[in-house]
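Please view the sequence and the structure before reading on.

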Amino acid sequence: MSVWDELVGQAQVVATFQAAAAGARPQVPTAAMSHAWLVTGPPGSGRSTAALAFAAALECTGAEPGCGQCEGCRQTLAGTHPDVVRLATDRMIITIDEVKSLIEQAGRMPWQGRWRIILVEDADRMDERTTNVLLKSIEEPPPYTVWLLCTPSSEDVLPTIRSRCRLVRLCVPSAQAVADLLVKRDGAEPQLALRAARASQSHIGLARHLAKDEGAWERRRALMSAPISLRSVGDAVFAAADLLEQAEKEAEAASTARDAQEKAALIRTLGLEGESRIPPAMRGQIKALEDNQKRRAKRAVTDVLDRAMVDLLSFYRDVLSRQLGSQLDSVNLDLEKEIAQVAAGSTAEQTLARVAAVEQCRARLKTYVSPLLALESLMVQLRPQA
């Protein structure tokens, strides 16, 4: 088993990283290696997985870079390698203080491996001021430091950053490749795995969620069936409120246990375990944690709603395909009846208008617009036309 095994349908990317990892070894230095990389690809394509696999290959001490068996590979993949720093934010943005900390860590000599590796997931969540702070470190890093930035698109970072990184683009894997991974890695039933891969449009994380959570299918069906039954603005308002409530419940279910564990761990670290009262001098640290958890909870709701928007887009994609007589395979095999109903009761122009409305709502949800207002506006526009 090598570190590349979970990179689905990315043969060219694997070849690029393998050549770079081989060229990074002292005995065979080549131009294939670079000090800064920009790893791009659509959501679910495996950007972070690819970057982490490359980091493991760079720290690998086996005969072939990325063997997956040596201590360097295993520690990197487990997140315990002392020379691999990984930043993955649960909030809306990566703060300037977090980036300054990364820059400070990037300047340290490696403790154990050949390289000091800084892996930034969601690098597109840095604003311009924060990115400018990072620029000099990426432009002139120490000779032992490697930066790995992950974004959906190369356009999501400033041109000054883009021009100083080597670009690696991941493609959308095939549904069958994703299904094969779910069967091999998660023990999913082959037919269910393929259905999940197609419904998620080859988004590996979402496909795994669908393959493992039976309730996810029912929630998904309810989401995409809701607009069909809307008959008035009032119906649209209630549907929007229901969607937001479901998103908040799902996000809360995913974060409640983690928040409690984090608070318990902090209290333990402060030596307050078993105490009934927190000393005033330490309340600031508890409050800082709680504030961070609130920001993360907001991001979690946004992520759930974004996934709902992607599902709605897939539904109207199937509707449009039916209306235009396309021979493309349907994404939503379990919603053929609903797709046929909407396709027969509307025109292609109306479907395109609904697609535009979903895209607009998706963009609004990533700003400071009230999620409820954005969803209400969307549901009004998705109502069947009289």
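How many bridges join strand 2 to strand 3? Strand 2 and strand 3 (residues 116-120) run parallel and are joined by four bridges.

## Basis of the report

This is a predicted model, in which local features need pLDDT of at least 70 and side-chain atom pairs count only at pLDDT 80 or more, while totals for chains, interfaces and linings use all residues. Residues are numbered from 1 along each chain as its sequence is written, and side-chain values use heavy atoms, leaving out hydrogens and water.

## The sheet

Five strands form an open sheet with parallel pairing, in the order 2-3-4-1-5. Two strands pair if DSSP finds at least two bridges between them; strands (E, at least two residues) and helices (H or I, at least four) are DSSP runs, numbered from the N terminus. Strand 2 (84-87) and strand 5 (166-169) each have a single partner strand, so one side of each lacks a neighbour in the sheet. From one strand to the next, the twist averages 15 degrees.

Within the parallel pair of strand 2 and strand 3, L87 has V120 of strand 3 as its bridge partner.

## Helices on the sheet

Helix 4 (residues 96-106) packs on the sheet and touches strand 2, strand 3 and strand 4 (145-151) (contact means heavy atoms within 4.5 Å). The direction of helix 4 makes about 160 degrees with that of strand 3; axes are lines fitted to C-alpha atoms, for helices over the stretch in contact, and angles run from 0 to 180 degrees between N-to-C directions.

T351 belongs to helix 14 (residues 348-365). Leaving aside residues up to four places away in sequence, T351 touches Y316, V319, L320, Q323 and S346.
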